[in-house]
Amino acid sequence: MPGINCVTKAFIVPGLPHLAFETPENTPWRALQQALQQAGEEARATKPDVLVIYSAQWISVLGHSFQFAANPQGLHVDENWYDLGDFPFSFKIDRELTAQAEKLAQAAGLATRLVDYEGFPIDTGTLVSLQAFNPDNGIPVMIVSSNIYAGQEDSMKLGEAMAEAIRQSGKRAVIINCSSLSHRFLTEAVNPAKDRLSSPEDDTWNRRMLDLLKAGKNQEALALGPDFAQQAGAEMGFKGFYWMMGLLGTPAVPAEVLAYGPVWGTGAAVVSYSLN
Amino acid sequence: MDSHSANPASEEKSQKKGRILAGFLAPHPPHLVYGENPPQNKPRSQGGWENLRWAYDHCRSKIKALKPDVILVHSPHWQTVVGHHVLRVPQLSGLSVDPIFPHLFQYRYNMEIDVELADACAEEASKEGLIAKKMTNPNFRVDYGTIVSLHMLNPDWDIPVLGISANNSPYYFAHDYAQEQMIKLGEATRRAIEKTGRRAILAASNTLSHLHFDREPDIPEDMSREHVYSFEQYRWDMKVLELMRQGKTDELMAVLPEFMEKTAAEVKAGSLVWMLAAMGFPPLHAQVHGYGSVIGTGNAVVEWDLTQPTHSLPDSGDREAIVCPA
């Protein structure tokens, strides 16, 4: 699959709610927050027509779901960290692009669904991403779920189908894979200043993966993915990365790691690819 | 001010020792609410999954006859990372749309929470060394597992409720560690019920075998297309149900790890063990009101009636004397 020349930037970002609210100075969370803000600014500077989001926190079972409500709006409260604050939201879906992407994904043999329901629960990861990349919600978005039963191959196929839809539309797109790296939480109270990876092994695996991305060795990252997913407990089996590489055509482009650190024991990284 | 602390009736309850009246295995596929077409749920169906819905019907009248003060539910779809959480807002209402089956479940709920019992549960759980938290955000959206189990047990919603989260530790740590926590949580729940004087119903919101199909028929309630995922899964479900029917609680506990491994059983989330622990692992013949599959998963509505005259204390070992309910 050749590269897609209407994607300007692509990002891997964490989606935990701690990064959406004010955090103390000199904590790993603050550094990640600042990186998220920087990523958002970089993305908007390319004046995209659409933001394309894969959220590992939007888990689907009956294939891949695409958000299809014209204007999802409401108030979200995270089920774990409900005391951090609420997420009021109202944003626009690019329905034309979404319908075409869903159609192409289905034609590729994937189970797909368009979801358009009042009160549909938008996940925390999507909203954390939107806060950083689309603070005034002026940019239309396309959002796809993480199918619990999809393997890496199907995830790449999904990305390829969405790339084709973007290509056909001629729109300038920014791609966002909202996923943690290692995804093992600490299961006790955490002082933000003393947050740490759940284990040194997780940290080692995360850094090994990030080194490949920084070197532009995305093909090697794909090959390492199954081991990484298993050993580091990557969020949703690291499938978001396969989706992203399917969409981008696995370019040999080095990534810039804007920040890396723990959020409640998980491995959080803000990774930026400059493409066109 | 909460709804119970200044309530004379509540104070009266607290002065007498509470008790658990019954426990129910109360699975939560949203299909069951969809099949029933209650006014709270927007999507309309032509029925479906009657064996399970009629099983719940049997339980509804029994629950009303017991005149409980509260129904407690432990739900795998309120997943918490740090500790065990209880709903602690006097009234919670809103629209709950199932993110997995949104076309089946768009439910307007309004529930009264027993906040005094919530406080007691959290306090007793802390005494057990567990991390316990009270969910006090009034904008919190209640998960569909909690709502489906409660609706199916009491669609009138005229009995206060208490929702308890499922801590994710079974998925991070060894099975033994996780189940140990659920046993402590169950024991803490029982003490909280006793101390607050509540007459309580427990609901373990768990499916049994949990492997399922990832495609559904055009008409989801087309029962000509519904069947259990595999013969092996069915046999495991029957094995577990038979142990429940025979009151072999010790054997049931022993077989659960293998059951979870072989069938991805949702009891891994801990609801069933929490309930059995709260009831003191009664060697009591459970009544299976119904069994059926939902998109391939194995579901059973099962009752442990602790008001039976022949119900013995948990450690009495007097299994033969217990009469299986009709």
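Two residues are in contact if their C-beta atoms, placed from the backbone, lie within 7 Å. The structure is a predicted model, in which local features need pLDDT of at least 70 and side-chain atom pairs count only at pLDDT 80 or more, while totals for chains, interfaces and linings use all residues. Residues are numbered from 1 along each chain as its sequence is written, and chains are lettered from A, with ligands numbered from 1, in the order in which they are written.

**View 1. Chain B and its contacts.** In chain B, residues 24 or more positions apart account for 82% of the contacts with a separation of 6 or more. Chain B holds 10 helices and 10 strands, where helices (H or I, at least four residues) and strands (E, at least two) are DSSP runs numbered from the N terminus. Of its 326 residues, 54% count as buried, a term that requires 20 or more other C-beta atoms within 10 Å of the residue's own, these atoms being placed from the backbone.

**View 2. Chain A as a whole.** Seven helices and 10 strands make up the secondary structure elements counted in chain A. The radius of gyration of chain A, taken over C-alpha atoms, is 17 Å, close to the 19 Å that the globule rule (2.2 Å times the number of residues to the power 0.38) gives for 276 residues, so chain A is as compact as a globular protein of that length. Its C-alpha trace spans about 45 × 40 × 35 Å along the principal axes, and 55% of the 276 residues of chain A count as buried.

**View 3. Helices H6 and H7 of chain A.** The axes of H6(A) (residues 218-232) and H7(A) (residues 239-248) come within 10 Å and cross at roughly 145°, with axes being lines fitted to C-alpha atoms over the stretch in contact and angles running from 0 to 180 degrees between N-to-C directions. Asn218(A), Ala221(A), Leu222(A) and Gly225(A) in H6(A) meet Phe241(A), Tyr242(A) and Met245(A) in H7(A).

**View 4. The surroundings of Ile93(A).** Ile93(A) lies in the loop between strand E5 (87-90) and helix H2 (95-107) of chain A, and counts as buried because it has 21 C-beta neighbours inside 10 Å. Leaving aside neighbours within four places in sequence, the residues in contact with Ile93(A) include Gln67(A), Phe68(A), Pro140(A) and Met142(A). The C-alpha atom of Thr187(A), 94 residues apart from Ile93(A) along the chain, is separated from that of Ile93(A) by 36 Å.

Technical notes
A residue is buried if 20 or more other C-beta atoms lie within 10 Å of its own, exposed if 12 or fewer, and partly exposed in between; C-beta atoms are placed from the backbone.
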